[in-house]
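The following exercises are to be worked with the sequence and the coordinates at hand. Each task is followed by a stepwise solution.

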Amino acid sequence: MATQHSRSAARLMMAPAVILLLGWMLVPLTMTLFFSFKRYLPLRGDSLERGLDWVGFENYARFLSSSSFWPSVQATLVIVGGVLVVTVVLGVLLALLLDQPFWGQGIVRILVIAPFFVMPTVSALVWKNMFMDPVNGILAHLWRFFGAEPVSWLSDASVQSIILIVSWQWLPFATLILLTAVQSLDSEQLEAAEMDGAPAFARFGFIILPHLARAITIVILIQTTFLLSIFAEIFVTTGGSFGTRTLTYLIFQRVVDSQNIGLGSAGGVYAIILANIIAIFLMRIVGKNLDR
């Protein structure tokens with residue numbers, strides 16, 4: 001057992017890293033809170049040297065009363081929810097397939113993982129120009145081959161297109177986590193169920209799926225944390241048009257396009273609040289599954 005001296009030494013050695021991480025998180029958060037209560041318009045001559053006017057909760061009220069606020073929250077939740085459904089469902093199927101022995105299994109696993117290492121901007125550009133272009137895209141040529149009119153994906157099915165692009169990026173992550181969980185399943189349970197005459201769907205529903213519950217909740221928790229700040233894919237493809245303007249993109253527009261640092265900071269606080277509400281909800285789900 002660790003002595004008091006060893007515990008104190010451990011805390012002392014960990015202190016620099018903890019202080020660095022706290023500073024890394026607290027400094028930007030403190031600055032965001034500070035600017036959210038100020039009127040800060042750089043194009044009009046506002047600066048820290050000249051002093052910023054205190055406006056209280058005016059920025060929060062303006063951001064909340066904006067006609068774009070609730071549609072952006074709705075778009076954020078729809079995109080995040082759609083990506084989670086696609087990645088979890090396909091991740092489970094791919095994990096089960098990759099767990100089966102077949103020739104070239106290692107190469108196939110590497111190919112499945114590959115999209116996760118592609119930069120979001122590059123991925124979005126490839127999907128936009130190579131696949132979804134209504135004139136020269138691969139999907140357009142495929143549609144014409146079957147005698148159908150090509151679809152302008154990024155305008156006619158913009159939200160679905162964003163979900164498809166982001167799902168392609170995050171599917172490898174979900175597959176890896178779920179594949180690890182599938183490989184930890186006791187094969188004797190499946191063999192016993194098969195010998196008792198249980199069909200494949202029954203084995204999946206009563207043995208495999210309950211075993212994957214913890215892994216699925218972890219995938220949902222981690223992906224949601226990152227997906228709430230989705231930006232690059234929307235910036236490259238639709239520019240926030242056609243109902244794809246998420247809360248993060250709305251904040252970007254308020255800061256860059258309007259040059260209103262205070263209003264954008266207030267939006268950032270709202271984004272933090274939304275992320276924490278969802279994180280608390282998901283942590284409760286994770287906690288229940290871990291306690292089983």
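**Exercise 1. The nonpolar cores**

Of the 30 residues that make up the largest nonpolar core, the ones touching the most other members are Phe63, Ile79, Val166 and Leu227. The model is a predicted one, in which local features need pLDDT of at least 70 and side-chain atom pairs count only at pLDDT 80 or more, while totals for chains, interfaces and linings use all residues. Residues are numbered from 1 along each chain as its sequence is written, and side-chain values use heavy atoms, with hydrogens and water left out.

Task: determine which helices supply at least two residues each of this core, and which helix gives the most.

Solution. 

Step 1. A nonpolar core is a set of buried Ala, Val, Leu, Ile, Met, Phe, Trp, Tyr and Cys residues joined through side-chain atoms within 4.5 Å. Buried means under 20% relative accessible area, exposed means over 50%, and partly exposed lies in between (1.4 Å probe, protein chains only). Helices (H or I, at least four residues) and strands (E, at least two) are DSSP runs, numbered from the N terminus.

Step 2. Assign the members. At least two residues come from each of helix 2 (58-65), helix 3 (69-98), helix 8, helix 11 (213-227), helix 13 (247-257) and helix 14 (261-290). With seven residues, helix 14 gives the most to this core.

Step 3. Inspect one member. Contact means heavy atoms within 4.5 Å. Leaving out residues up to four places away in sequence, Leu227 touches Val80, Val83, Leu84, Val166 and Trp170.

Step 4. Look for a further core. A second, separate core has 19 residues, including Leu178, Val182, Ala193 and Leu212. In soluble globular proteins, nonpolar side chains tend to be buried together.

**Exercise 2. Val182**

Task: state where Val182 lies and which residues it touches.

Solution. 

Step 1. Val182 belongs to helix 8, and its relative accessibility of 9% places it in the buried class.

Step 2. Not counting residues up to four places away in sequence, Val182 touches Ala95, Leu96, Asp99 and Leu212.

Step 3. Val182 and Leu96 are 86 residues apart along the chain, and their C-alpha atoms are separated by 7.0 Å.

**Exercise 3. Helix 4 against helix 8**

Task: describe how helix 4 and helix 8 pack, and which residues make the contact.

Solution. 

Step 1. Two packed helices are described by the angle between their axes and the distance between the axes. Axes are lines fitted to C-alpha atoms, for helices over the stretch in contact, and angles run from 0 to 180 degrees between N-to-C directions.

Step 2. Helix 4 (residues 105-113) packs against helix 8 (residues 158-183) at about 140°, and the axes are 8 Å apart.

Step 3. Angles under 35 degrees count as roughly parallel, over 145 as roughly antiparallel, 65 to 115 as roughly perpendicular and the rest as oblique. Helix 4 and helix 8 are therefore oblique to each other.

Step 4. Helix 4 contributes Arg109, Val112 and Ile113 to the contact, and helix 8 contributes Pro172, Thr175, Leu176, Leu179 and Gln183.

Step 5. These residues divide into five nonpolar, two polar and one charged (Ala, Val, Leu, Ile, Met, Phe, Trp, Tyr, Cys and Pro count as nonpolar, Asp, Glu, Lys and Arg as charged, and the others, Gly among them, as polar).
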